[in-house]
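Hi everyone, thanks for making time for this. I'd like to walk you through one structure, so please have the sequence and the 3D view open as I talk.

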Amino acid sequence: MTALFATWRGRFIVAFILVQALLPLHYYAGRRDPHDERFAWRMFSPMRMAKCRLSVTVDKQPIELGTRFHEAWIETAQRGRAVVIEQMAQRLCSQNPGKPVDVTLDCTYIDRPNATYGGYDLCTRPLL
C-alpha cells in the first residue's frame, strides 16, 4: 500500500477511486429532492417508478404545459424532479410578472403513501 502512495500516479489512482466512490453519497447526505435519482446504480430503486401528475396555473388559469415546454422537461417534471419544476415555474414567473404561478404535484409511489407537493405560488418559494 505504501508503494501506491510513493508515486504521483499511485496517488492519482487512489484519489480518483475515492472521488468515484464518495461522489454519489451526496444524494443520500445532502439532497433535498427525493425524486432525483440520476446515478445508474439507483435506477432500480422504487423511486424510479414514481408517477406524478403536474398541474400548473398562472393567475388561477390552468395552462397547457405542452405548448410552453419541451416534452423532455414535462416528462422529467412528471417524475417529480423539483429542480426542473422550479425552473419551469421561474420561466412562467418571468413571462407573467406579478401573477402567481401555482404548481401542484400529486405523486403515486409503489413503496410509500401517495403525496402532494406544492399548491402555492412558486414565484415566491421553492417546491421542496
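Let me begin with one term: a residue is called exposed when its relative accessible area is over 50%, buried when that value is under 20%, and partly exposed in between. Please also keep in mind that this is a predicted model.

Let's start with the whole chain. It has five helices and four strands. Reading from the N terminus, the elements come in the order α-α-α-β-β-α-α-β-β. Along its principal axes, the C-alpha trace spans about 70 × 35 × 25 Å. The radius of gyration is 20 Å, whereas a compact globule of 128 residues would have one near 14 Å. Of the 128 residues, 34% count as buried. The accessible surface comes to about 8500 Å², and carbon and sulfur atoms make up 60% of that. As for contacts between residues at least 6 apart in sequence, 50% of them join residues at least 24 apart.

Now, the sheet. In which order do its four strands stand? The order is β2-β1-β3-β4, in an open sheet with antiparallel pairing. β2 and β4 are at the edges with a single partner strand each, so one side of each has no neighbour in the sheet.

Let's go through some of the pairings. β1 and β2 are antiparallel and share two bridges. In this pair, Thr 57 sits opposite Pro 62 of β2.

Please find Tyr 120 next, which is in strand β4. Its opposite number is Val 103. Is Tyr 120 buried or exposed? Its relative accessibility is 17%, so Tyr 120 counts as buried, given that the cut-off for buried is under 20%. What does Tyr 120 touch, leaving out residues up to four places away in sequence? The list is Val 101, Asp 102, Val 103, Arg 125, Pro 126 and Leu 127.

Most residues other than glycine have a negative phi. Asp 59 has a phi near 55°, which is positive, and Asp 59 is not a glycine. You'll find Asp 59 in the loop between β1, residues 51-58, and β2, residues 61-62. Lys 60 is in the loop between β1 and β2 as well. Lys 60 also has a positive phi, about 70°, although it is not a glycine.

How do they stand with regard to the surface? Asp 59 has a relative accessible area of 39%, so Asp 59 is partly exposed. Lys 60 has a relative accessibility of 65%, and because the cut-off for exposed is over 50%, Lys 60 counts as exposed.

Key: Residues are numbered from 1 along each chain as its sequence is written. This is a predicted model: local features need pLDDT of at least 70, side-chain atom pairs count only at pLDDT 80 or more; totals for chains, interfaces and linings use all residues. Side-chain values use heavy atoms; hydrogens and water are left out. Two strands pair if DSSP finds at least two bridges between them. Buried means under 20% relative accessible area, exposed over 50%, partly exposed in between (1.4 Å probe, protein chains only). Contact means heavy atoms within 4.5 Å. The radius of gyration is taken over C-alpha atoms; the globule rule is 2.2 Å times the number of residues to the power 0.38. Accessible areas come from the Shrake-Rupley method with a 1.4 Å probe; for residues, only the protein chains shown count as cover.
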